[in-house]
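Colleague: Hi! Could you walk me through this protein in plain words?

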Amino acid sequence: ASMSFGQITVRPKKITCLVSVSRELIQNGDNAAQIIESTLQTAIAAEMDRVALLGDAAGEEPTGLANMSGISTISGVGDITHDDILNAIKTVANSNHQATGGIWSPGTQYELDILKDSQLQYLVPPAAYANLQKFITTKTGDAAAYIGDWSKLFFAVLPGGIMLDTSIHGVGVFNKDLVQIRVMLPVDIFATHEAAFCALTGLS
């Protein structure tokens, strides 16, 4: 087999989130800096999760995995079972990649956890499912799950790093004595091999 190389174009986009902090905390909190830093990190990480999976390329938003044209999709899944996960693993394998993990919602994980046989005994998961790394996030919603080789999905953080803006103006901000902090991260998202991913959609 021959090896080929291609060029990946990274376009500057922005991930943005807003965090409101009380002015009293900023002025008087003994550990205000640590609390605010932790809050901002949590907020931007959650938004990165969402955009990496569901970004729609509208405006400044990067294109997330669900909207990349090269991934495989198995639609109309309905009530999810281990067989659906195995089907996605096989689909990725048919594209010459190996699925390393799956991302889905807490609700989907619950449905997989309570699968029972005809004797109402909990099913023993098949090895391929059991060996798959599982990442649980509310950002997928309950209607989709994503399986693939996650070493093929990348964030490209562009020069400039995280940018912060603050404001005391805005609906409900001034009256409640809040400071609003806007966090912006210039970033793009890309998959080196989009075929290394499979989406299960139409989960119920």
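**A first tour**

Modeller: Happy to! Among contacts (heavy atoms within 4.5 Å) between residues at least 6 apart in sequence, 77% join residues at least 24 apart. This is a predicted model, where local features need pLDDT of at least 70, side-chain atom pairs count only at pLDDT 80 or more, and totals for chains, interfaces and linings use all residues. Residues are numbered from 1 along each chain as its sequence is written, and side-chain values use heavy atoms, with hydrogens and water left out.

Colleague: How many helices and strands does the protein have?

Modeller: There are five helices and nine strands. These are DSSP runs, numbered from the N terminus: helices are H or I with at least four residues, strands are E with at least two. Along the sequence the pattern reads β-α-α-β-α-β-α-α-β-β-β-β-β-β.

Colleague: And what does the C-alpha trace span along its principal axes?

Modeller: About 60 × 50 × 30 Å. Of the 204 residues, 38% are buried. Buried means under 20% relative accessible area, exposed means over 50%, and partly exposed is in between, using a 1.4 Å probe and protein chains only.

Colleague: Which residues have the most contacts inside the largest nonpolar core?

Modeller: Leu65, Trp150, Leu153 and Phe197, in a core of 29 residues. Strand E1 (13–22), helix H2 (32–54), strand E5 (144–148), strand E8 (178–191) and strand E9 (197–201) each supply at least two residues of this core. A nonpolar core here is a set of buried Ala, Val, Leu, Ile, Met, Phe, Trp, Tyr and Cys residues joined through side-chain atoms within 4.5 Å. Apart from that one lies another core, of 18 residues, including Ala88, Leu112, Tyr129 and Leu132.

Colleague: New topic: in what order do the strands of the open sheet come?

Modeller: The five strands follow the order E2-E9-E5-E3-E4, with mixed pairing. Two strands pair if DSSP finds at least two bridges between them. At the edges are strand E2 (72–74) and strand E4 (133–136), each pairing on one side only. Neighbouring strands are turned by 20° against each other on average, direction ignored.

Colleague: What packs on that sheet?

Modeller: Helix H3 (residues 82–94) does, touching E2, strand E3 (101–104), E5 and E9. The direction of H3 makes about 150° with that of E9. For such angles, axes are lines fitted to C-alpha atoms, for helices over the stretch in contact, and angles run from 0 to 180 degrees between N-to-C directions. Helix H4 (residues 106–113) lies across E3 and E4, running at about 115° to E3.

Colleague: Let's zoom in on E3. Which strands do bridges join it to, parallel or antiparallel?

Modeller: Four bridges join E3 to E4, and these two run parallel. Three bridges join E3 to E5, and that pair runs antiparallel. Ile103 has a bridge partner on each side: Phe135 in E4 and Tyr146 in E5. Gly101 and Ile103 point one way from E3, Gly102 and Trp104 point the other way, and all are buried.

Colleague: Is Thr91 buried or exposed?

Modeller: Thr91 counts as buried because its relative accessibility is 18%. This residue sits in helix H3, and its side chain reaches the backbone oxygen of Asn87 at 2.8 Å. Beyond residues up to four places away in sequence, Thr91 touches Ser72, Ile74 and Cys198. Ile74 also takes part in the sheet, with Leu200 in E9 as its bridge partner.

Colleague: What about Asn96, buried or exposed?

Modeller: Asn96 is exposed, at 72% relative accessibility. You'll find Asn96 in the loop between H3 and E3. Its phi is near 65°, a positive value in a residue other than glycine.

Colleague: Last one: where is Met163?

Modeller: Met163 is in strand E7 (residues 163–167). Its relative accessible area is 32%, so Met163 is partly exposed. The C-alpha atoms of Met163 and Val183 are separated by 5.9 Å, although these residues are 20 apart along the chain.

Methods: Polar contact = N/O pair within 3.5 Å; in protein donor to acceptor, adjacent residues only side chain to side chain.
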